[in-house]
Amino acid sequence: VCTSLRDWLAFLEQETYLKTVTKKVNLQHELAALGKKADGKYALKFTNTGRDMPVVTGFAGNRALMAKAMGVEVEKAAEHFSWAQTNPLDCTLVGKDKAPVKECITFDVDLAKLPIPVHHEKDSGAYITAALLIAKDPETGARNVAIHRLQVTGPNRLGVLILPRHLAHFYQKAEAQGKPLEIALAIGVDPILLLASQALAPLGFDEFTIASRLYGKPLELVQCETVDLEVPAQAEIVLEGRLLPGVREMEGPFGEYPKYYGPASLKPVIELTAMTTRQAPIFHTIVPATMEHCLLGAIPREGGMLQLIRNTVPTTLGVHLTPGGTCRYHAVIKIDKKQEGEAKNAMFAAFSSSHEIKHAVVVDKDVDIFDMEDVEWAIATRSQAGRDVMIVAQAAGNILDPSTDEGIGDKMGIDATVPLAAPQDRFERIRIPGEEVLKLEDYIK
Ligand code: FMN
C-alpha cells in the first residue's frame, strides 16, 4: 500500500498507466481537455505548463487501480473501505524534520506560482479541485477532512463551496463567535487519503483514521506553521489559512460532477497565511466530472450503502454507483434473494444511505453490476413496470441535479430480480459449454 503520492506515481509508471506530457500545455482548458481524453485510461503528468511545477491528473480514475491502492480485488473495494471505516486507526504526529512537506516554507503565499488550471468553458476562473480541506470543530476540537472546490480570487485568497455538512457546521460555530475558522489544504496526496476524505461519516469522525486503517499503519501528521492543525507529512503542498467570518464573495459558475455548471453565488472566503511544500513539489488537479472525481465519491458511498442494505437484506452481495448516473444518483444492488420483498427493502436502505441516491435497481447474483449491458438486460427481461417499479415522490435529492426542484426530487426503484416462485427453466440464462474457458486468441492467427 502506497502512503505518498510519489510512491503511487512510481507504481503507476511501472504499470505504464502514468504518461508524461512534455509538450507545452496551456493551463487554460488544454490541460483539462487532455485529462478528460485520458480519463479512465491513463494518468497524466504535465511537465511544461509555464509554471515551475508539474501537474498530475487522473491517477485515481480507474476502479481496478483504486482497488489495488487498497490492496484488494476490484469487487471488494467498497466492502474494504467500509471495513476500514468501522475499524478506524489513530494517526501519529511526527516532527517537522520527518515531514517532507516542510522542506520549503513561505509566509508570503502567491497562488500565481502554482499551476492551477481553468477547467471548463464557463468556469469563473482557476480552481484548486484536489485539496483535502482540514479543519477542527471550534468547540470540541474534532477534526474533519473533505474536498471542497476552491476558486482563486487573489494571490492568497480563495472562494469556497461549502455544502451543508461538517465544515459548514464548524464554520457556523466560528462565525457565531465572530471568529475565523482555521483551515489547511493538502494538495498532492495518495489515493487512499483522497478516498478517506469522502467517507459518509458522522459529525466528529476523523476521516484520517480511515486512511490509517487502509494503510495498515498510522498516518503521519505534522503540525502546521500558522494554524493549530495537523496535516499529512507526505503531502506535496500544504496551504494554511482562515475562513473569514462574515465575508462572502462571488464564486462560480463551475463545471461540476453531474456535467452541468454549479451557479455563481456569494460564498465564504479563505485567506492564506502560509505555504509549505516538498522540494520540487507536484501539483494535483482533478478534472471535474471525470472518473477520478466520480470514483472518489463512489467507492466510499458504496461502502456505506452496502453496510446499510445488509442490515435489512443480509444476503446483499455488492453495490455499484454507476458512472452514467454520475456515480452518485444511480445505484445497482446485487442480492442473493431468499425472500420476496427483499429487493424493495434493499431499495429503501439504498435511498436512506444518501439523499443523492435517485434510482436504485436490484438484480440477482448472476448479474455483473459493473457491466451496464448486463444490468440493462436484467431490467429488460426480469422486470415489468406495473409490478416492479416503485416511485416515491418529493423526497430530498441533490441540489446539483438540475431536474430537481431546488433539490427536491423523486426516487425510483426497479426490482429486476427473478420471482422466487418462477419455474427454473423460464429464466435460465443461455450458455455455450466451454465459452468461459476457451480463448479466441488460441484459435486465430
Ligand atoms: N463538497 C462540497 O461541499 N463542496 C465542494 O466544492 C466539493 N467538491 C468536491 C470535489 C471533489 C473532487 C470531490 C471528490 C468531492 C467534493 N465535495 C465537495 C464532496 C465532499 O468532499 C464530500 O462529500 C465529503 O465527504 C464531505 O465531508 P463531510 O461530510 O465530512 O463534510
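Which element gives the most to the shell around the ligand? Select β8 to find out: with three residues, β8 gives the most. Keep in mind as you click around that this is a predicted model.

**Stop 1: the ligand and its shell**

Now select the ligand itself, which sits in the largest pocket. There are 19 residues around the ligand, and Asn144, Ile147, Arg149, Arg165 and His166 come nearest. Color the shell by class and you'll get eight nonpolar, seven polar and four charged residues.

Next, highlight β8 (143-147), α5 (166-176) and α8 (291-312) together; each of them supplies at least two residues of the shell around the ligand.

**Stop 2**

- Histidine 166: an N or O atom in its side chain is 2.9 Å from an oxygen atom of the ligand.
- Leucine 163: here, look at the backbone, where a polar atom is 3.0 Å from an oxygen atom of the ligand.
- Glutamate 207: its side chain has an N or O atom 3.1 Å from an oxygen atom of the ligand.

**Stop 2: the disulfide**

Select cysteine 294 and cysteine 327. Their sulfur atoms are 2.0 Å apart, and the two form a disulfide. The count for this model comes to one disulfide. Is it right-handed or left-handed? The torsion about the S-S bond is about 95°, so the disulfide is right-handed. Cysteine 294 lies in helix α8, while cysteine 327 is in the loop between β21 (316-321) and β22 (330-335), so the pair ties together parts that are 33 residues apart in sequence.

**Stop 4**

Most residues other than glycine have a negative phi, and most peptide bonds are trans. With that in mind, stay on cysteine 327: this residue is not a glycine, yet its phi is positive, about 60°.

Then jump to threonine 16, in the loop between α1 (5-14) and β1 (18-21). Threonine 16 also has a positive phi, near 55°.

What kind of peptide bond joins them? A cis one, with omega at about 0°. You'll find proline 253 in the loop between β15 (249-251) and β16 (254-255).

Notes
Residues are numbered from 1 along each chain as its sequence is written. This is a predicted model: local features need pLDDT of at least 70, side-chain atom pairs count only at pLDDT 80 or more; totals for chains, interfaces and linings use all residues. Side-chain values use heavy atoms; hydrogens and water are left out. A residue is near a molecule or strand if one of its heavy atoms lies within 4 Å of it. A polar contact is a pair of N or O atoms within 3.5 Å; within protein, one must be able to donate a hydrogen and the other to accept it, and residues adjacent in sequence count only if both atoms are side-chain atoms. On a 1 Å grid over the protein atoms alone, a cavity is a set of points where a 1.4 Å probe fits but cannot get out, and a pocket is an open set with protein on both sides within 12 Å along at least five of seven lines; lining residues have an atom within 4 Å of a point. A molecule sits in a cavity or pocket if more than half of its atoms lie within 2 Å of its grid points. Helices (H or I, at least four residues) and strands (E, at least two) are DSSP runs, numbered from the N terminus. Ala, Val, Leu, Ile, Met, Phe, Trp, Tyr, Cys and Pro count as nonpolar, Asp, Glu, Lys and Arg as charged, and the others, Gly among them, as polar. A disulfide is a pair of cysteine sulfur atoms within 2.5 Å.
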